[in-house]
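This briefing concerns a predicted model. It is arranged by topic for reading beside the sequence and the structure.

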Amino acid sequence: MTMDKPEKLLALADRCETSARPDRELDAAIYEAVGYQVRRKPRTLVSNRVPAGGIYQQGSLWKALGPVSGNIDIAVSILRQKAPDWRWSLQCLTDEDNPSFHALVADCSASGMLGALALCAAMLRAFARNPTPDRVVDDIAGNPTQGFRCSRKLDP
């Protein structure tokens, strides 16, 4: 499966930057945009047997969609699976009223209300600019939040 066109990736990145909270529909859209086959959970389904948000296919296995828009570790794992050689960073910038996050992935930046949303937006912008072939790394080694750092914005 291939990634979406750059215009769709950029529109989805904008959606991540303007979102104020995690969203299961956004999670499914991100998985689809980076090349996974996704089956969304029907809204009328009441059973607990289908995971929230739906499932995605990785190789021959179907797995539950992770809350990529709300969990930094899941966003990093997708980034490492799809582009293991890309460098990334995430900063937490706070002032008195407005905490925000700024992410940089492969020289593409984005901001968001949550670290995962900022990282997803930057990742989508990087994929729009530099599409990579679908490469899946089965074992994600090391600490998934290795590039995370938090700093406080100081008043002048």
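What covers the buried residues of helix 1? The cover includes helix 2 (24-33) and helix 4 (115-129); buried denotes a relative accessible area under 20%, exposed one over 50%, and partly exposed the range in between, with a 1.4 Å probe and protein chains only. Helices (H or I, at least four residues) and strands (E, at least two) are DSSP runs, numbered from the N terminus.

Residues are numbered from 1 along each chain as its sequence is written, and side-chain values use heavy atoms, with hydrogens and water left out. In this predicted model, local features need pLDDT of at least 70 and side-chain atom pairs count only at pLDDT 80 or more, while totals for chains, interfaces and linings use all residues.

**Helix 1**

- Residues L9, L12, A13 and C16 of helix 1 are buried. They lie on the same side of helix 1 because they cover an arc of only 105° around the axis, the arc being that of the directions from the helix axis to the C-beta atoms.
- The exposed residues E7 and T18 are carried on the face of helix 1 turned away from its buried side.

- Helix 4 has 15 residues and reaches 21 Å from its first C-alpha to its last, close to the expected 21 Å.
- Helix 4 is mostly covered, with 14 of its 15 residues buried.
- A128 is found in helix 4 and is buried, with a relative accessible area of 13%.
- Not counting residues up to four places away in sequence, A128 touches P6, L9 and L10; contact means heavy atoms within 4.5 Å.
- A128 and V34 are 94 residues apart along the chain, and their C-alpha atoms are separated by 9.8 Å.

- Three strands form an open sheet in the order 1-2-3, with antiparallel pairing; two strands pair if DSSP finds at least two bridges between them.
- Strand 1 (37-40) and strand 3 stand at the edges with a single partner strand each, so one side of each is left without a neighbour in the sheet.
- The twist averages 30° from one strand to the next; axes are lines fitted to C-alpha atoms, for helices over the stretch in contact, and angles run from 0 to 180 degrees between N-to-C directions.
- Strand 2 (residues 54-58) pairs with strand 3 in the antiparallel sense over four bridges. In strand 3, W62 is the bridge partner of Q57, and L61 is that of Q58.
- Strand 2 and strand 3 form a hairpin with two residues between them, and G59 in the turn has a positive phi of about 65°.
- Helix 2 packs on the sheet, touching strand 1 and strand 2, and its direction makes about 160° with that of strand 1.

**S69**

- S69 lies in the loop between strand 3 (61-64) and helix 3 (72-82), and S69 is buried, with a relative accessible area of 0%.
- The side chain of S69 reaches the backbone nitrogen of D23 at 3.0 Å.
- The side chains of S69 and D27 are joined by a polar contact of 2.6 Å; a polar contact is a pair of N or O atoms within 3.5 Å, where within protein one must be able to donate a hydrogen and the other to accept it, and residues adjacent in sequence count only if both atoms are side-chain atoms.
- Not counting residues up to four places away in sequence, the residues touched by S69 include P22, L26, L114, A116 and L117.

Conventions: Expected span 1.5 Å × (residues − 1).
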